[in-house]
Amino acid sequence: MIIDIHGHYTTAPDALAVFRRAQLSALEHGTGRNPALASISDDEIRDSVEPNQLRVLHERGADLMLFSPKASGMEHHIADQPTATAWARASNDLVHRVTELFPDAFAPVAQLPQTPSGDLGPVIGELRRCVDELGFVGCNLNPDPTAGYWTALPMTDEYWYPLYEAMVELEVPAMVHVSTSCNPNFHTLGAHYLNADTSVFMQFLQADLFERFPSLTFVIPHGGGAVPYHWGRFRGLAARLGRPDPAELLRNVYFDTCVYHQAGIDLLCKVIGANNLLFASEMLGAVRGADPQTGVAWDDTLVYVDNLDLSDEDRRAVVELNARRVYPRLDRRLTAGERVTSVAPASHVRLR
């Protein structure tokens, strides 16, 4: 089995965007209205997924995708909590419907109704609803709800502890994933996402979060931002600050393979190692189209993983077993469904 742990519902039916515009208009004009999401049929959902994520997933040889709402659309900088809660709930319910229609192809990951420095009660409430009632296997956690201005407390601050306690209790990891950037200095996809990945790893390095929460688990997407490329800098800073070597964080922190060139994947695997890598593509997401030099789609990251010099055991860890270990609810979901797992031998790779 090949599990892609990073996919977004970027092709949701138009009714979802209409609902969001109505929400924001109500806030702007102070009408006090509570907009309702228009009815969306199962056929509309099928039409939004079958020619897009589902088709591409299977064409590229993967079996299952962890599926969450559109990341840049989470918009946690909108400070009104009822609006944030209604938006997360609508987005999560739609993702849940996708996974119910295509249970063998998608497993749900939650958007949380965060607001800048807001009360975490509603955030925890939505996480519990998604996990306990809807069978979600993970969540996306935004370290910068201010959308590029970074006034929120670091992810190692006690502010976050109630959420972490719930995550540990529920056995769900969080993917560290910012949303849109409202700061013109930081392009959402080219700077803000990668800044967050790098910054949060440094936050983890500076604190003892995992001593307090030894089973708390995070996935840093987009290959970890600058982390693998600057591993020596992080090691040197850890020594200078009297902190443990960053390799100690790898008990709790994992990285995905959303890196869109072979040299980047090669470095990621060499520095981080196969035990802490989870196959992912982020499709249909930030980078679309094909590399004109190779003809390979930018986000067809399985090509790059297949070209790594991995043993069959390590390849299976990257494309399946690590995901099942990091997402225990996913593992139980697959086991309960009596899924037959199989991974092609590493020699059966596609060439660039």
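Not counting residues up to four places away in sequence, which residues does H96 touch?

Analyst: Happy to walk through it with you. This is a predicted model, in which local features need pLDDT of at least 70 and side-chain atom pairs count only at pLDDT 80 or more, while totals for chains, interfaces and linings use all residues. Residues are numbered from 1 along each chain as its sequence is written, and side-chain values use heavy atoms, with hydrogens and water left out.

H96 touches L134 and F136, once residues up to four places away in sequence are set aside; a contact here means heavy atoms within 4.5 Å. H96 sits in helix α3, which runs over residues 81-101. Helices are DSSP runs of H or I with at least four residues, strands are runs of E with at least two, and both are numbered from the N terminus. With a relative accessible area of 17%, H96 is buried. The cut-offs, found with a 1.4 Å probe and protein chains only, are under 20% for buried and over 50% for exposed, with partly exposed in between.

Helix α3 also holds N92, which is buried at 0% relative accessibility. Leaving aside neighbours within four places in sequence, N92 is in contact with P69, V109, A110, Q111, E126, R129, C130 and F136. E75 is partly exposed, at 21% relative accessibility.

Now for the wider picture. The protein chain has twelve helices and eight strands. Its radius of gyration is 19 Å, close to the 20 Å that the globule rule gives for 352 residues, so the chain is as compact as a globular protein of that length. That radius is taken over C-alpha atoms, and the rule is 2.2 Å times the number of residues to the power 0.38. The C-alpha trace spans about 60 × 50 × 40 Å along its principal axes. Buried residues make up 56% of the 352. Of the contacts between residues at least 6 apart in sequence, 78% join residues at least 24 apart.

The accessible surface amounts to about 14,800 Å², and carbon and sulfur atoms account for 50% of that; the areas come from the Shrake-Rupley method with a 1.4 Å probe. As for charge, there are 29 positive and 44 negative side chains, and the centres of the two sets lie 2 Å apart. Lys and Arg count as positive and Asp and Glu as negative, without His or the chain ends, and each charge is placed at NZ of Lys, CZ of Arg, CG of Asp or CD of Glu.

Helix α8 (residues 231-241) is worth a visit too. Its residues W231, F234 and A238 are buried. They cover an arc of only 60° around the axis, which puts them on the same side of α8; the arc is that of the directions from the helix axis to the C-beta atoms. An α-helix has 3.6 residues a turn, so residues three or four places apart point the same way. Among the elements covering the buried residues of α8 are α6 (188-206) and α9 (262-272). The face turned away from the buried side carries G232, R233, A239 and R240, which are exposed. G236 is also in α8, and it is partly exposed at 39%. Its C-alpha lies 9.5 Å from that of P246, ten residues apart in sequence. After the helix comes G242, with a positive phi near 70°.

E171, in the loop between α5 (161-170) and β5 (174-176), has a positive phi of about 60° although it is not a glycine, and it is partly exposed at 37%. F186 belongs to the loop between β5 and α6 and is partly exposed at 30%. Not counting residues up to four places away, F186 touches G148, S181, A191, H192 and N195. Finally, the peptide bond from M283 to L284 is cis, with omega near -5°, and L284 lies in the loop between β8 (277-278) and α10 (301-306).
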